[in-house]
Amino acid sequence: MTANTFVADPLTVLPPEIVLQILHFTPVSGLASLTATSKAWHQFIDVTHQEAIYTSEAKTAQPLGGSRDFSFLSDAHSFAKVFEGTESWKDLCKRQTLLARNWAKTDPVSQESVLQIGNDPVWRFRADFKRRFFVSTSHAGGLNVTDMDTGRILWQLPPAQDTDGDGVRQHAHLEYQDGMAVFDSEGDSLEVWQTDQEGAKRGEFRRIAILNHDCQTRGFQLSYWTLCVVSNEGQGFVYDMTQRPPTLTTHLKIERGGIGHLDQSEDIVIYSMGAKGYFAYNKESGAFLGTLKPSKLTEKYHILPPQAASASMSAALAGAARLGPRPQPLPPGAFRKDCLVPIEVAKGPLSPPDDPNHVWYREDEWGAGMLHGNLFVGFSRAGRVFICPDFRKALRDEASLAANSSILECESDGAGFDLGGWLSIRNHRVMFEIQDRIYVVALDDNDRVQNLENPARASYSLLTSSAPQLAVPISYMALADDAIMTTYTTLGWRESNVPGGAPPPRGRDLPRVFPTKVIRILSLAPNLHNNPSSASGGTDEFSMADNGVFGGPGPNLPSEDPSRTHAGLLQLLSMLGDADFEQSDSEDEWESMEEGEDEDEEEN
């Protein structure tokens, strides 16, 4: 091509239909470049055909089959309300693009919120993003409904031992779906509670049913408006939760020895049977469909723990000083890149089979298992994560299982497996805990281990506590669209204005600062209010700055007098000595928490 060669503008020589077809396959960055090329391209893309271009499922993530409006955004799992106020399809594309870019970085920008609920350590919690509250149980018993934006308790049930009426036992497992909460009572019964009842205030729940069983129940799971229950005595139960009262639709005869972990799809329920693997059954007929258990033929990968230094007790003290005597998040604008440490997935097993410490697959014990679409993920005592992108195909035979699965091996001594491990799956990512660390491992678009040479999404790790001396296994974790949420052991402030806050147990003068377990939220959401570009027009390239583009609102609670904060820290320092726990009344509470972690509780 010579210097005098004339290149025609496609807008002048091609029909609009052809240009639109080309733009359908053009990435967002390409659209941004075109809008900056000329006024004509800006007019064509951002004015005349904006809706046609950005409503494409190639540009915006939508429900299967597409959507005519933004009503589907009400179902988004967003802590920072990242999709609230979406004005146009381009605006939605921008928000989704910025969010995905941050998740994909090896050093994503995040904002941390830490929410203490009363004076008792959090056991299980669930987030209701539509109603903007958390529902949680605690080590000491009771159930709390806490405002997601202010951190204030909206409503609560007392611990079972403190009342002759409604109460919730210690270490109660909690399941939740769209206003319905299910938790286990003493014995083998489950209580079903519902919010949004006539005359009820915001966050108030009312009991609608008690489900009794004549066998030992080990766990239960609620989704698809179906409650699945498992017994270690070879029984399973499936309830239709749309009925009032809930109706038992299927009583399954299953393999004996269910350890309590289970999950379900719309038509299948999968139970963990420990060393035997995972057993799948049809929820309607009760028919046995097969077993998911890794073998020596399954493709192997491994992850080495990051070398980043662990947090110290001094860091925990600094965090307590920053939070103040009331639980509150980091100040607005505190964006960080050091919360998430990048990790790499490598090919091959972690250790050779002839290693004396190697645990063979037939000897390994499998705990938590989770479904998300066709993806199934399981977790083992030996630190293995079983990833099965299409569990339905894998159920056919051993060859199909080997072709549709892989294993991630991690260094683990099995010490944190007593509860069977925890998992979360969302948006092509798997989250799990090993050795006081949480790992977030990214998969490809087909939910397989990514191309190791050029991964499209980053994987990373974070600590489960603010200091090693405080570490105990987490008791719940969840991935949201814009956040990582887990229980987190740290130093809290004893409140006297909440139930159980005063007087101290047995009349003791307990320290105001004490070790506890809270809800920690790492928000990776884009702060769109700080972005000067227009949401509905202009020539922005969906760029994101490192100094304040990302973050979300989180709880915002008032602090108290700084002098009282300082006094509380001095009190804690005298209790800890040289950053080591000495025997004290406060330590009695921490030992009680650790004992609760080791109990054989019902799990999902």
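1. Let's start with a term: a residue is called buried when its relative accessible area is under 20%, exposed when that value is over 50%, and partly exposed in between, using a 1.4 Å probe and counting protein chains only. Asp178, with a relative accessible area of 33%, is therefore partly exposed.

2. A word on what you are looking at. This is a predicted model, where local features need pLDDT of at least 70, side-chain atom pairs count only at pLDDT 80 or more, and totals for chains, interfaces and linings use all residues. Residues are numbered from 1 along each chain as its sequence is written, and side-chain values use heavy atoms, with hydrogens and water left out.

3. Now the overall picture. The protein chain has 11 helices and 31 strands; these are DSSP runs numbered from the N terminus, with helices (H or I) needing at least four residues and strands (E) at least two. Of the 604 residues in the protein chain, 56% are buried. Take the contacts (heavy atoms within 4.5 Å) between residues at least 6 apart in sequence: 62% of them join residues at least 24 apart.

4. The areas come from the Shrake-Rupley method with a 1.4 Å probe, and for residues only the protein chains shown count as cover.

5. Have a look at the start of the chain, too. Val13, Leu14, Ile18 and Ile22 make a nonpolar surface patch of about 330 Å². (Patches use residues with over 30% relative accessible area and no salt bridge; like charges are joined within 9 Å, and nonpolar side chains, meaning Val, Leu, Ile, Met, Phe, Trp and Tyr, within 5 Å.) Leu14 sits in the loop between helix 1 (10–13) and helix 2 (16–24), and at 32% relative accessible area Leu14 is partly exposed.

6. Four strands make an open sheet in the order 6-7-8-9, with antiparallel pairing. At the edges are strand 6 (174–177) and strand 9 (205–211), each pairing on one side only. Strands pair if DSSP finds at least two bridges between them; strand 8 (residues 190–195) and strand 9 are joined by six. Within that pairing, Glu191 stands opposite Ile210.

7. On to charges. Side chains of opposite charge can pair when their charged atoms come close. A salt bridge here means a side-chain nitrogen of Lys or Arg within 4 Å of a carboxyl oxygen of Asp or Glu, and the whole structure holds 24 of them. One joins Asp91 to Arg95, with the closest N and O atoms 3.0 Å apart. Both lie in helix 6 (residues 89–104), four residues apart, or about one turn of the helix. Asp91 counts as buried at 2% relative accessibility, and so does Arg95 at 8%.

8. Which parts of the chain does the salt bridge between Lys337 and Asp107 tie together? Their closest N and O atoms are 3.6 Å apart. Lys337 is in the loop between helix 7 (313–323) and strand 19 (341–343), while Asp107 is in the loop between helix 6 and strand 1 (111–115), so the pair ties together parts 230 residues apart in sequence.

9. Finally, back to Asp178. Its salt bridge with Lys130 has closest N and O atoms 2.9 Å apart. Asp178 is in the loop between strand 6 and strand 7 (180–184), and Lys130 in the loop between strand 2 (122–128) and strand 3 (133–138), 48 residues apart. Both belong to a network of salt bridges that links Asp128, Lys130, Arg131, Asp178 and Asp196.
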